[in-house]
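Work through the exercises below with the sequence and the model open side by side. Each task is followed by a solution in steps.

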Amino acid sequence: MRRMRSEVINVRTGSRPTVLDITAEAERFVSGQGDGLLHVFVPHATAGLAIIETGAGSDDDLLRALDDLLPTDDRWRHRHGSPGHGRDHVLPAFVPPYATLPVLGGRLQLGTWQSVCLVDTNGDNPSRQVRFSFLPG
């Protein structure tokens, strides 16, 4: 019986909102695993995962859109931390903290321009964990 394999990695996101490409780490985790599903999960209340193009401005566009949708002002009831931090707790409703990806022959089946990205708008927490879990087919 083949069992699920799981691993947690630690990443630094810094003190500013960021979109961090973690595709290489995901590819390393599934390398040689055969066919199955990769589930990526961020165990944080203020971060999410997006499958987007990076390097051509889309990552900055995403952060700008999140600023427009979830501004860092005093409208939020959740008020601890930096000003506007309540918006960070709403983020996972729009950018979910998980993604599931197909794996064939030990390779992620992403589109040509797709990357797996950690989205972190919370500058109060510069270190994050990401859990990779591979379920063999």
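Buried means under 20% relative accessible area, exposed means over 50%, and partly exposed lies in between. The model is predicted, and this cut-off is used throughout the exercises.

**Exercise 1. Strand 7**

Task: Determine how many residues of strand 7 are buried, and state which residues lie on each side of the strand.

Solution. 
Step 1. Locate the strand: strand 7 covers residues 115-120.
Step 2. Apply the cut-off of under 20% relative accessible area. Six of the six residues of strand 7 are buried.
Step 3. Sort the residues by side. In a regular strand, side chains alternate between the two faces of the sheet. Here Ser115, Cys117 and Val119 are on one side, while Val116, Leu118 and Asp120 are on the other.

**Exercise 2. Partners of strand 7**

Task: Find how many bridges join strand 7 to strand 2 and how many join strand 7 to strand 4. Then name the residues that pair with Asp120.

Solution. 
Step 1. Strand 2 (residues 18-21) is joined to strand 7 by four bridges, and the two run antiparallel.
Step 2. Strand 4 (residues 47-52) is joined to strand 7 by six bridges, again in an antiparallel arrangement.
Step 3. Look at Asp120 in strand 7. Thr18 stands opposite Asp120, and Asp120 is also the bridge partner of Ala47.

**Exercise 3. Leu37 and Phe134**

Task: Decide whether Leu37 and Phe134 are buried, partly exposed or exposed, and describe the surroundings of each.

Solution. 
Step 1. Leu37 is in strand 3. Its relative accessible area is 41%, so Leu37 is partly exposed.
Step 2. Leu37 contributes to a nonpolar surface patch of about 290 Å², together with Met4 and Leu135.
Step 3. Phe134 is in strand 8. Its relative accessibility is 1%, so Phe134 counts as buried.
Step 4. List contacts of Phe134, leaving aside neighbours within four places in sequence. Among them are Arg3, Met4, Phe29, Val30, Asp35, Leu37, Leu38 and Val103.
Step 5. Compare sequence and space for one of these contacts. Phe134 and Asp35 are 99 residues apart in sequence, yet 9.5 Å apart in space from C-alpha to C-alpha.

**Exercise 4. Salt bridges**

Task: State how many salt bridges the model has. Then examine the pair Arg28 and Glu7 and the network that includes Arg87.

Solution. 
Step 1. The count is six salt bridges, with a side-chain nitrogen of Lys or Arg within 4 Å of a carboxyl oxygen of Asp or Glu as the criterion.
Step 2. Arg28 and Glu7 form a salt bridge, with their closest N and O atoms 2.7 Å apart. The pair links distant parts of the chain, as Arg28 is in helix 1 (residues 23-30) and Glu7 is in strand 1, 21 residues apart.
Step 3. Arg28 is partly exposed at 44% relative accessible area, and Glu7 is partly exposed at 24%.
Step 4. Asp67 forms a salt bridge with Arg87, the closest N and O atoms being 3.0 Å apart. Asp67 is in helix 2 (residues 58-69) and Arg87 is in helix 3 (residues 86-94), 20 residues apart.
Step 5. Check the cover of this pair. Asp67 counts as partly exposed at 38%, whereas Arg87 is buried at 3%.
Step 6. Asp88 also forms a salt bridge with Arg87, at 3.1 Å between the closest N and O atoms. Salt bridges that share partners therefore join Asp67, Arg87 and Asp88 into one network.

Notes: Residues numbered from 1 in each chain as written. Predicted model: local features only at pLDDT ≥ 70, side-chain atom pairs only at ≥ 80, totals over all residues. Heavy atoms only, no water. Patch = residues over 30% accessible without salt bridge, like charges linked within 9 Å, V, L, I, M, F, W, Y side chains within 5 Å. Areas by Shrake-Rupley, 256 points an atom, 1.4 Å probe, with all protein chains shown as cover. Buried < 20%, exposed > 50% of the residue type's maximum accessible area, 1.4 Å probe, protein only. Contact = heavy atoms within 4.5 Å. Pairing = 2+ DSSP bridges.
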